[in-house]
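Okay, thanks for making time, everyone.

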Amino acid sequence: METLVLSDRCPGDIQAAGAILRRGGLVAIPTETVYGLAANALDGEAVKKIYRAKGRPSDNPLIVHISDPAQLPPLVQEVPESAKKLAAAFWPGPLTIILPKSDRIPRETSGGLDTVAVRCPSHPTARAVIDAAEVPLAAPSANLSGRPSPTTFHHVQEDLTGRVDALLDGGDCDVGVESTVLTLATPVPRLLRPGGVTLSQLRNVLGEVEVDPAVLHRMKAGQRAASPGMKYKHYSPKAEVVIVDAAPQEYVEYVNQRGDGWALCFEEDAPFLQVPALAYGSRYDSASQAHRLFEALHGLDEAGVVKAYAAMPRKRGVGLAVYNRLIRAAAFQVINPKGRHILGLTGPTGAGKSTAAQVLRDRGWLVVDCDQATRSPLVYDGPCLAELSTAFGPQVLRDGMLDRAELARRAFSSEEARTRLGEITFPRILRYVRKLLEEGEAQGYRQLALDAPTLLEAGLDSICSRVLVVNAPKEDRLARILRRDGLTPEAALRRLEAQPSPEFYASRADFLVENGPGTDMKAALAPFLEELEQELENPSL
Ligand code: TXA
Ligand code: MG
């Protein structure tokens, strides 16, 4: 088949795409998530061609794309209040809503189900094509079945040239992973596929939202898929991909030491890797990971990679979508090289970190207290004292012992002096803390935590496999510091203001507890800790 190449920068090409679709043809179109392979959703014969072109099993239903929320009512039995709220909050955008279908939706489109998936994309070209076609468009991702979804026009050309009527070039896709799929056809709304609209955003609008087990775990044999797409092998590059569940430093060490595969890493890891590497975004920015993941998976194929070790993404926010796709690319292979977790525990002063530390201890975790380590005489050995005295003057020693008050006066006199103090003490504190953790491991602990107020600022998260941030509203933190530390209100406020921003903490947290009045810390941490404990028992869930 001759495949026409169109571009959304050419006047007339959108109309041309619309005309092909109206005639029952297939056109690949850009959306803000991934490219879609579109056909008239109301024409069963046209839709059949999609399955043929993609090699897609015919019981896997398609998403129907509309250009305006007002086009939803004729496609479904009724529009419940929850759907109205979701549409108002997230359409146009990367959210697909499943509802009982109307008779206008042919069996081919719904894969034989009595429900239909609908979304209103935000990409102006996608909406212009829907308008030009004058019908809703059924569009799965524009890849061959089982291949990574296409996020660049080049990917689409690779998979579909010669198989469809036209390809419409609209540049790179923004979000990079497919839309969030939520069904409203269950008693409680249920997340079937995570995407650009996050679980917490959905919960903010709807209240309770369940997560289908297939989002995070391999489906057991004989289990029925809530979303037929989830039972198929998905998003697999030709390379064998293994997710390495380890601290950033350990990930790099492990991959270097294996030396038998590529690294599918974060940008921050690249300089330290001695094997060929492809980065999929920044460790601290899940949106950048979503944007880059499929392109990186394509890159593995293009380079003919046989084995790749992937760095573990955070599962929070858009990260859940990244993990959901990556775990499938990895055929659920996860290894934790040392068979343990080191959990970094941090948060701004007065947020309630020590309460969290106590919850961890009560659950049998070994908690290393970094503040205590900072004051330990074992850090301030002979060579350390000699360096401090050279840097800050012999007065910081009295009878060969450290005069802490004098050191503090001198070291906190300027930014420069403070930095110098850090240069001398920090490597030693790190060494000492590592020793404490190693001793814990030697005693058989598999659940270790590092309680450190400046964990992130000091870069100690590089030795942690997960980060738990305890935050609290500013007023509550202020009240706690005033009660606890006997400061003047001005001094307390100054201390609060010297702390990193909530965004900084959030970007580095695997789990974030908001410790307001009445928060039950034990209950708040339970789901997160249970997950970690289960992972240790069985890394490839
Ligand atoms: O971002 C996206 O959603 C992209 C762009 C092109 O819009 N489309 C996309 O479509 O990812 P597709 O076909 O690759 O994925 C649709 C998913 C499949 O897992 C399918 O099983 C599920 O949605 N699905 C569709 N209709 C359903 C229904 N009625 N009930 C349950 N799951 C459904
Ligand atoms: Mg797909």
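Before I start, one term: when I say two residues touch or are in contact, I mean they have heavy atoms within 4.5 Å. And keep in mind that this is a predicted model.

So let's begin with one residue, Asp510. With that cut-off, and leaving out residues up to four places away in sequence, Asp510 touches Arg314, Arg316, Ser465, Arg466, Val467 and Phe528. Where does Asp510 sit? You'll find Asp510 in the loop between helix H18, residues 502-508, and strand S23. Is Asp510 buried or exposed? Its relative accessibility is 13%, so Asp510 counts as buried. Now pick out Arg314 from that list of contacts. Arg314 and Asp510 are 196 residues apart along the chain, yet their C-alpha atoms are separated by 5.6 Å.

Let me zoom out for a second. The protein chain has 541 residues, and 55% of them count as buried. There are 19 helices and 23 strands. Taken along the principal axes, the C-alpha atoms fill a box of roughly 95 × 50 × 50 Å. And if you take the contacts with a separation of 6 or more, 69% of them are between residues 24 or more positions apart.

Okay, aromatics. How many aromatic pairs does a search of the whole structure find? The search turns up five. I'll show you two of those. One is Phe504 with Tyr505, an edge-to-face pair, 6.1 Å centre to centre with 65 degrees between the planes. Tyr505 is at 1%, so Tyr505 counts as buried.

The other one is Phe511 with Phe528, and this pair is stacked: the centres are 4.5 Å apart and the planes are 10 degrees from each other. The pair links distant parts of the chain, with Phe511 in strand S23, residues 511-514, and Phe528 in helix H19, residues 521-537, which puts the two 17 residues apart. Phe528 has a relative accessible area of 5%, so Phe528 is buried.

Next, helix packing, and the helix to watch is H9. H9 covers residues 286-302, and H9 packs against H10, residues 319-329, at about 25 degrees with the axes 8 Å apart.

Which residues meet here? From H6 we have His154, His155 and Glu158, and from H9 we have Phe294, Glu295, His298 and Glu302. This contact comes out as one nonpolar residue, three polar and three charged.

Most residues other than glycine have a negative phi, and most peptide bonds are trans. Against that background, Trp91 and Pro92 are joined by a cis peptide bond, with omega at about -5 degrees. Pro92 is in the loop between helix H3, residues 81-90, and strand S5, residues 95-100.

Then there's Phe332, which is not a glycine but has a positive phi of about 65 degrees. Phe332 belongs to the loop between H10 and strand S16, residues 334-335. At 10% relative accessibility, Phe332 counts as buried.

Asp399 has a positive phi too, near 55 degrees. Asp399 lies in the loop between strands S19, residues 397-398, and S20, residues 401-402. With a relative accessible area of 76%, Asp399 is exposed.

Okay, that's my tour; over to you.

Conventions:
Residues numbered from 1 in each chain as written. Chains lettered and ligands numbered in written order. Predicted model: local features only at pLDDT ≥ 70, side-chain atom pairs only at ≥ 80, totals over all residues. Heavy atoms only, no water. Axes fitted to C-alpha atoms, helices over the stretch in contact; angles between N-to-C directions. Helix = DSSP H or I, 4+ residues; strand = E, 2+ residues; numbered from the N terminus. Phe/Tyr/Trp six-rings, centres within 6.5 Å; stacked < 30°, edge-to-face > 60°. Buried < 20%, exposed > 50% of the residue type's maximum accessible area, 1.4 Å probe, protein only. Nonpolar A, V, L, I, M, F, W, Y, C, P; charged D, E, K, R; others polar.
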